[in-house]
Structure formats: structure tokens, C-alpha cells
Amino acid sequence: MITTKDLARECGVSLSTVQRALHNNGRINAETKKRILDKALELNYQPDLVARTLVSGKSMTIGMIVPFFDNQYYPRLCNSLAEQVSKQGYILNIQLHEDNKNLEKNIVTMLQGNHVDGIIFNPINKGKNLLDMIEKLHTNGCLLGLDEVDNCPIPCVGNDEKEAGKLAAEYIINRAYEDIVFVVPTLYDKDGQYNFGHHKRLEGILEVTEKNNIEPIIIHGSDYVKQIKNVFEKKDLKKPAILCSGEVFAFKVINNLVNLGKKVRKDYGIMTFDHSELLETFNINLTSINNNVEEIGRQAGNIMVNMCKGKKVEPRTCIDVQIIEGDTL
């Protein structure tokens, strides 16, 4: 294995000069730097990350914990975040907690044991459990979501989900829809604690519908497709609009209603949060709330890198949402 000492000997320079060339810091002649980097490439030099961590106290690795990859939201988020941190020399270590609270805690312990320079959370633990986990961190932390914990002791970044819910409900009502069906599979976890993001969206929806004397139909749970079928078969709906709390849910709802002989725009309207252009593959131009997930990833990446460098960061970063007009509402 080629070491920095080998590079210094091959290039006829000091070890400190090699370090400056490889890490792009300190003063070094451009021609000398190029010669060292070319030789490193020629000899297939691979840095010893463990040794570097022991010397510098930094692993140049950031941990990220998310639930799963079964919809487009999290892959897009991770891609954006990984690209952002890699520009500044960091590696993103992505772990899945799979909506398992104990697994999430174990992953935090494991990442810290591997001396990551920071951890970015999209947590399944809530309330006091989440706060306890954050307070026990001995590395930098950043939270995805603005309303996960009161007086959050680490920076957080995300959308104002209540305002997003209000924006969606107002948009639907302004198009003269009389019934609103809100579809969200995960309002509560198995311990009865609510999902903050979905609940905040619901708060916004209820605030707008109450002002307009509309009583929305709330569908939540893993059997939401079956519940939608029952609503359309048994209730006398008047120009209904379905608002899904995720694009993957909208796709399943549309498929189910096709089997009932219901057509978008003719028999109902549909809108979703978390715009990703996935359904355009199926020639469905879905009306949606764009939560700018790539920008959330970029901002979270910048926040974490700045924290790792000892820079001051904002405690709360709110990313705006916009309506993407489609032909389903």
C-alpha cells in the first residue's frame, strides 16, 4: 500500500508538502502540487482514513439516518445531500432505521463509534425519546423537519407543513370542490405518537376547511386504498377532491379508482404533497405541492459541513413550498 511517505520519497519533497498537495491547504507551488497529485494517481495512492481520523480528529464522514427508500422522497433527498457534502470533501454514510425506534438508537451509537463528524436525522423517535437521543450526542447533529421537538437543541431544516396544508386546501376550495378527502397512511406510529409532519399538514387543512364550512374526510392507516373504495361506494360525495400526503399514495389511489370506473377530473380531483414527477412516467400530470426536497438536502448538507468546520449556523431553516399546477384538479 502506497503511503504519504512513499509519495514524498518518489517526488523528492517533504511529507508536509505532500500533505498540503493532497488536502489542498497551505501554500504550495502549483507545479509541485500537480507533480505530487499525478504521482499519487500513477501509484494508485489511497488515503488511510482511519489514520487520518486519529491524527486530525475528523473522519470527513457524515451519517444520515432515514426511514426507507420505498418512494422518491428519500432517494432525492439523499442524492442532493450527498452531492452537497462531497463537494467539500465529505462522505455521506446513509443508514435506514425502517421505522424501528430501537434500531435508530443503535445506528446513532454505531455511527458515533465510527467517529462520524455529524449525524443528520429524519427521526422515528419522537418527543422526549428524540430529545434524549439528541442530548446524548457527542458529535454534530442536524434534524430534518421543523416541528419534531420543541426548543430543538440542534439545527433543523424543512418545510412549514401547516402552511403547506393550508396552501393545498385553499387551492382545492378555490376550484369549487365541495368535499375534501385527506389520505395519509401514517398519522400515528405503533406507540400512538403522531407523525409531526402529517399532523401539521392536517392542522393547516382543518383550519382552512373550518373557515369554509367544509368537513373533510380523513383517511389514515395502511388500508387507505380500501377506505377510499368504501368512501366512493357508500358516501354521496359532491365534487370530491382527494389530497394525498405523498405521491406514492396518489398513484395507488388513482389505480384503485380506475377499477371502480372513476376518472380523474370527471369524477374527482386529486392533488398530492411531495412532488417528484414520478407519475409523469405514466402520463399523469399530477397537481402537487412541491416541497423542494433537493433544496432541503442542499441546505442540510451546508449546515452540517459548516458545523463540522466550527462555523455558526441558523437554528431553523424553512424551505418554501409551491404549487405545481397539473391536470388532475
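Predicted model: local features only at pLDDT ≥ 70, side-chain atom pairs only at ≥ 80, totals over all residues.
Arg9 forms a salt bridge with Asp6, and I noted 2.9 Å between the closest N and O atoms.

I took Arg201 next. Arg201 forms a salt bridge with Glu161, with the closest N and O atoms 2.9 Å apart. This pair links distant parts of the chain, since Arg201 is in helix 9 (residues 196–211) and Glu161 is in helix 8, 40 residues apart. I checked burial for the two: Arg201 is buried, and Glu161 is buried too.

A further pair is Glu207 with Lys166, whose closest N and O atoms are 3.3 Å apart. Here too distant parts of the chain are linked, with Glu207 in helix 9 and Lys166 in helix 8, 41 residues apart. Glu207 is partly exposed, with a relative accessible area of 25%. I have Lys166 down as buried, at a relative accessible area of 16%.

Which residues are linked with Lys166 and Glu207 in a network of salt bridges? I listed Lys162, Glu163 and Lys211 alongside those two.

I traced an open sheet of 6 strands, in the order 2-1-3-4-5-11, with parallel pairing. Strand 2 (91–96) and strand 11 (316–318) are the edge strands, each pairing on one side only. On average, neighbouring strands of this sheet are turned by 20 degrees against each other, direction ignored.

Strand 5 (residues 156–158) and strand 11 run parallel and are joined by 3 bridges. Gly158 stands opposite Cys318 of strand 11.

What packs on the sheet? I found helix 12 (residues 293–308) there, touching strand 1 (61–66), strand 3 (118–121), strand 4 (140–144), strand 5 and strand 11. The direction of helix 12 makes about 165 degrees with that of strand 4.

**Cysteines**

I searched for disulfides and the structure holds 0. Cys78 is in no disulfide, and the nearest cysteine sulfur, that of Cys142, is 13 Å away. With 3% relative accessibility, Cys78 counts as buried.

I also checked Cys156. Cys156 is in no disulfide either; the nearest cysteine sulfur belongs to Cys152 and is 5.1 Å away. The cut-off for a disulfide is a pair of cysteine sulfur atoms within 2.5 Å. Cys156 is buried, with a relative accessible area of 5%.

**Helix 10**

Which residues of helix 10 (residues 224–234) are buried? I noted Tyr224, Ile228, Val231 and Phe232. They cover an arc of only 90 degrees around the axis, so they lie on the same side of helix 10. On the other side of helix 10 I found Lys226 and Lys234, both exposed.

I then looked at what covers the buried residues of helix 10. The cover includes strand 6 (179–184), strand 7 (217–220), strand 8 (240–244) and helix 11 (247–259).

**Positive phi angles**

Most residues other than glycine have a negative phi, so I looked up residues that depart from this.

Asp99 is not a glycine, yet has a positive phi of about 60 degrees. I placed Asp99 in the loop between strand 2 and helix 6 (101–113). Asp99 counts as partly exposed, at 38% relative accessibility.

Ala176 is not a glycine either, and has a positive phi of about 70 degrees. I found Ala176 in the loop between helix 8 (161–173) and strand 6.

Methods
Residues numbered from 1 in each chain as written. Heavy atoms only, no water. Buried < 20%, exposed > 50% of the residue type's maximum accessible area, 1.4 Å probe, protein only. Helix = DSSP H or I, 4+ residues; strand = E, 2+ residues; numbered from the N terminus. Arc of directions from axis to C-beta. Contact = heavy atoms within 4.5 Å. Pairing = 2+ DSSP bridges. Axes fitted to C-alpha atoms, helices over the stretch in contact; angles between N-to-C directions. Salt bridge = Lys/Arg side-chain N within 4 Å of Asp/Glu carboxyl O.
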